[in-house]
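Hello,

Here is the structure for your files. My notes on its side-chain contacts follow below.

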Amino acid sequence: MANDHLRNCREWAQDVVSKIGSSSFVEPKFLLYTVAFISAVALLLIQGSRFFKQTVPSRAATPDLEKPAGRPTKVPQRKPGVWDPVEFRRPFPRPFPNWNVHTTKPNPYRPFRHGQYHITMGLRNMPWDEWIELDNHYLKFHTDKAERIAERGPKCCHTDPSAFDGAIELLEEFCSYLPDRYPSLYARTPVGMDNLLTGESFNIKQRPLVEDPMQMAARMVQDDLAIMFEKEDGQYYLLAGAILLAGFWRLEDKLGMPLSEIHTSADVPGYKEKLEKGMMNFFRRVQPNGPVQRNNYFIQVDDSLPWSTSIGDEDGPHGSVGWFSAEQNRHISHHYFRSERQTLRRLPRSGGVVFTIRTYFHPITEIAEEPYVPGRLASAVRSWGEDVSKYKGREMYGDVLLEYLDGKHREQVEAGLQVEAEETVVKYPF
C-alpha cells in the first residue's frame, strides 16, 4: 500500500513540474519551495513504507522439521546432555477475553481432513497466549485428576531426582502464566498462587514440597504433562510426568524411556520411516522462544476419559491391553471422539522440553451434528492405511461408525449443505 502512495506522489510531482515548466514565468523562490515540499512528502512516504514493512506481522508458518522451529534460526552448539541456562522470559499473556469457568466452551478441534492420510508430526507455531487452554470442562477434569491422584498417584505422577529443577521450573511458569491468563480463576501469591474456585493454595517455595512437583502441576491445568531431558547420548528421556487422563497409555510403562523407544514400543505407524529423524532434529534444535503445537485424534468405544476401559484393565499384565480386548461394533452411542492438543516448548533454565497434552472428549453423536463433520470424518477414517487402521483400532468399530457418519452426511446434504463451500467455511484444525 505504501508503494502505491509513493507511485501516486511521483506522478503528482511530475505533473506539478510539468505545469511549472510550461508556465511563461516562475518565481525562483516558488520553484525552490515546490521542490522542497515534494522532496519532503516523498521522504515521509518512503519512511512510512519501511515502517509498515517492519511492523505488520505475517501469518505464522508451519515450521520445517529439518530446521529450528523458532528464532533465532542459528542454534547454539553444545555438547549432548549439557544445557546452559538461557536468558529468556516468556511474553506475558493477555487475559482471556470474557473467560468464565462455567460458560467458556472448549475449542472445537476437529483435526481430520478429506483425502489421503499423511503421517507427519503436524507442528504449527503456537502463540504464547494460547499455551494453556482452560474451559467449562475444568471442574470435571479437576475432579477426575484428584480422584486419579488419590487412587493411583505414584503410578501416574513421578519426577526423577535429576529432573526436579525442571519440574519446579514448570511450576514457576504455571504460577506466572495462569493468574495473568485466567485472573478470575487464579491469583498470584508470594509463594505461588491460589485457586479462587476450589480454594486450593499452591506453595511452590517450601521444601520439601507437599507432593511430587509434577503431581502439583497436574492439579493446576486440564492437561497431562511430561518433560523430556537430553542425556549424554543425545537422546531425550521421559524423566518427569503427570499422565492422569491419557486413555490409552500408562506413565509407568514409559517412564525413563528415550523418545524413540516410547514410540516404537507403542507401534506408532511410520515412526522409523517418517517421523524419527524429524522428531530428533526438532528436539535437538528447539529453543525457548520457539513453542509449537499439534493435534491428533482417536475413536474410543467407551465413555471413560481417564482410561479407555474397552481396551482392557489398566492394571492388567503386559500384553493384556489392546484393541483386541474391545467389543466389536458396539452401538454408536458408545463411540466417542477423542482429540489431543499438544504443545511443546523448551524450558530456558533446565533445558527440559515440556509436553502439555490436553484431551477433548465428545460423543460421536454430538460432533456429527456439526456441519461438514460427518462427511469429512468418514473420509478421513476411510483414508487410513493398514498400519494406521490397526493402531487406531478401526476393525473394532469401523462398520458402525462409517454407516452412521454416512447417514448423517446424507441428511446434511439433503438439508441444503453446500459441500463445495467447505474449504471456505472450515479451517484446519477446527
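The charged end of Arg358 sits over the ring of Tyr360, at 4.1 Å from the ring centre. The criterion for a charge over a ring is NZ of Lys or CZ of Arg within 6 Å of the ring centre and within 35 degrees of the ring normal. Arg345 also lies over a ring face, that of Trp131, 4.6 Å from the centre.

Before the rest, the ground rules. This is a predicted model, in which local features need pLDDT of at least 70, side-chain atom pairs count only at pLDDT 80 or more, and totals for chains, interfaces and linings use all residues. Residues are numbered from 1 along each chain as its sequence is written, and side-chain values use heavy atoms, with hydrogens and water left out.

Salt bridges

The count is 24 salt bridges, with a side-chain nitrogen of Lys or Arg required within 4 Å of a carboxyl oxygen of Asp or Glu. One of them joins Arg90 to Glu173, with the closest N and O atoms 3.0 Å apart. Arg90 lies in the loop between α2 (28–55) and β1 (124–125) and Glu173 in helix α4 (residues 164–181), so this pair ties together parts that are 83 residues apart in sequence. Elements here are DSSP runs, numbered from the N terminus: helices are H or I with at least four residues, strands are E with at least two. Both Arg90 and Glu173 are buried. For accessibility, buried means under 20% relative accessible area, exposed over 50%, and partly exposed in between (1.4 Å probe, protein chains only).

Glu173 also meets Arg345 in a salt bridge, at 2.7 Å from N to O. Glu173 is in helix α4 and Arg345 in strand β9, so the two tie together parts 172 residues apart in sequence. Arg345 is buried, as is Glu173.

Next, Glu172. Its salt bridge is with Arg349, the closest N and O atoms being 2.8 Å apart. Glu172 lies in helix α4 and Arg349 in the loop between β9 (336–346) and β10 (353–363), so that pair ties together parts 177 residues apart in sequence. Glu172 counts as partly exposed, at 31% relative accessibility. Arg349 is partly exposed too, at 32%.

Aromatic pairs

How many aromatic pairs does a search of the whole structure find? The search gives 19. Rings of Phe, Tyr and Trp (its six-membered ring) pair if their centres lie within 6.5 Å; planes under 30 degrees apart count as stacked, over 60 as edge-to-face and the rest as tilted.

Phe88 and Trp128 have ring centres 5.9 Å apart and planes at 35 degrees, so the pair is tilted. Phe88 is in the loop between α2 and β1 and Trp128 in the loop between β1 and α3 (138–156), so the pair ties together parts 40 residues apart in sequence. Phe88 is partly exposed at 26% relative accessibility. Trp128 is buried, with a relative accessible area of 14%.

Trp131 and Tyr177 form an edge-to-face pair, 5.3 Å centre to centre with 80 degrees between the planes. Trp131 sits in the loop between β1 and α3 and Tyr177 in helix α4, 46 residues apart. Trp131 is buried at 0% relative accessibility. Tyr177 is buried as well, with a relative accessible area of 0%.

Ring pairs also link Phe248, Phe298, Trp323, Tyr391 and Tyr397 into a cluster.

Best wishes
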